Amino acid sequence: MTVTPPHPQTWLRVTDRGLYCEPGDFHVDPARPVERAVVTHGHADHARPGHGAVLATPATLAIMAERYGEAAAGPGRQALDHGERLDVNGVDLRLVPAGHVLGSAQAVLEWRGSRVVVSGDYKRRPDPTCPPFEPVSCDVFITEATFGLPVFRHPDDADEVAKILAARATFPERALLIGAYALGKAQRMLALLRRAGYDRPVYLHGALMRLCALYQAQGVDLGELRPVAGLDKAALAGEIVLAPPSALADRWSRRLPEPLTAMASGWMRVRQRARQRNVELPLIISDHADWDELTRTLDDVGAPEVWITHGSEEALAHHAAGRGLRARALALVGRGEEEQEAEAAP
Ligand SMILES: [Zn+2]
Ligand SMILES: [Zn+2]
């Protein structure tokens, strides 16, 4: 006798706190404090403080402890390495690399022969700071669609980094100030600069120091980093300085000699956004999948059904339907805020 696996909709629901796995009795990336949370990665719109128990990769747990303190990061913390399995009340749970930031994972849930992949945030291009996204075949693939429009095609990141080095050569008397989000983007920029052969010390705004140190403690080589604080203005001529995006237009930047402002974000594709932030050198470098990466991923996982959490749901749903897939927009609350998180972070 064959038993038909239950449809994922019968055991994975959207509640006011986010995605809830009923048989496992846990939420994935809940928007508000819950008893038991599985957290895909450390960005603030996925990893909230105040849960009872948190299950995540060791690096994500370390990031949460760094950001929220040991207590608020969840007293009942459990680490699950990439590829390890855990039985949670009969739900088979695995965390698989998502290629987004250090520690990022897709949560693969399987119950009674029905498999769902909650991808969290992800990208498909190589990132020296974390292992690459692994496609897992499934019945339902849950995806973001931050850059889910055909206009979003991210260029090669090596070409974007080359623009920084070229600007530095052209303006040796100016400091090159790059705005980059504190978790993930700043460290990826550093690793990409090193990969491009840049071996001078890179200077950091104080708000980036702790997470860069955490990455280095986790074995990611970022080269020599120095704090900007306490340095003479003149000493920073011709140097590369990284700061959270909020510091670009802030008094803080006045301590730098004629700063040439750059910003690394997928949104730099949109000229108006670059202008709003007074960015002279927009760098299109994103930790989110672009349109081609999103559509390629739907092909790779081969799910007959796709649920879209946030972003440009309609465009991606339309594309999926055109390929004969069922598509559903979840419109999860509080997602996609990480592009703003640097504003709020200390
Ligand atoms: Zn994220
Ligand atoms: Zn996110």
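In this predicted model, helices α1 and α4 meet through A62, I63 and E66 on the α1 side and R210, L211 and L214 on the α4 side. Sorted by type, the residues of this contact come out as four nonpolar, two charged and no polar. Helix α1 covers residues 58–72 and helix α4 covers residues 206–217; the two pack at an angle of about 155 degrees, with 11 Å between their axes. Angles over 145 degrees count as roughly antiparallel, and α1 and α4 are therefore roughly antiparallel to each other. As for handedness, the α1–α4 crossing is right-handed.

Helix α1 also has a place against a sheet. It lies across β5 (53–56) and β6, and runs at about 135 degrees to β5. Both strands belong to an open sheet of six, ordered β1-β2-β3-β4-β5-β6, in which the pairing is mixed. The edges are taken by β1 and β6 (76–79); each has a single partner strand, so one side of each is left without a neighbour in the sheet. Going from one strand to the next, the twist averages 30 degrees.

A closer look at this sheet can start at the β1 end. Strand β1 (residues 12–15) and strand β2 (residues 18–21) run antiparallel and are joined by four bridges. Within this pair, R13 sits opposite Y20 of β2. The link between the two strands is a hairpin, which gets from β1 to β2 through two residues. Further along, strand β3 (residues 26–28) and strand β4 (residues 36–38) run parallel, with two bridges between them. Here V28 faces V38 in β4. In general, strands of a sheet pair through backbone hydrogen bonds, and they do so either parallel or antiparallel.

Then there is a sheet of seven strands. It is open too, its pairing is mixed, and its order reads β7-β8-β9-β10-β11-β18-β19. At its edges are β7 (85–88) and β19 (326–329), each of which pairs on one side only. Neighbouring strands here are turned against each other by 20 degrees on average, direction ignored. At the β19 end, strand β18 (residues 305–311) runs parallel to β19, and four bridges hold the two together.

Helix α6 (residues 291–301) spans β10 (114–118), β11 (140–145) and β18, and its direction is at about 170 degrees to that of β11.

The protein chain has a mean pLDDT of 94, and 97% of its residues reach 70 or more. Residues 340–346 are another matter: over this stretch the pLDDT is below 50, and the model gives it 13 contacts beyond near neighbours in sequence.

Terms used. Residues numbered from 1 in each chain as written. Chains lettered and ligands numbered in written order. Predicted model: local features only at pLDDT ≥ 70, side-chain atom pairs only at ≥ 80, totals over all residues. Pairing = 2+ DSSP bridges. Axes fitted to C-alpha atoms, helices over the stretch in contact; angles between N-to-C directions. Contact = placed C-beta atoms within 7 Å. Parallel < 35°, antiparallel > 145°, perpendicular 65-115°, else oblique. Left-handed = near helix turned anticlockwise from the far one by under 90°. Nonpolar A, V, L, I, M, F, W, Y, C, P; charged D, E, K, R; others polar. pLDDT = per-residue confidence, 0-100.
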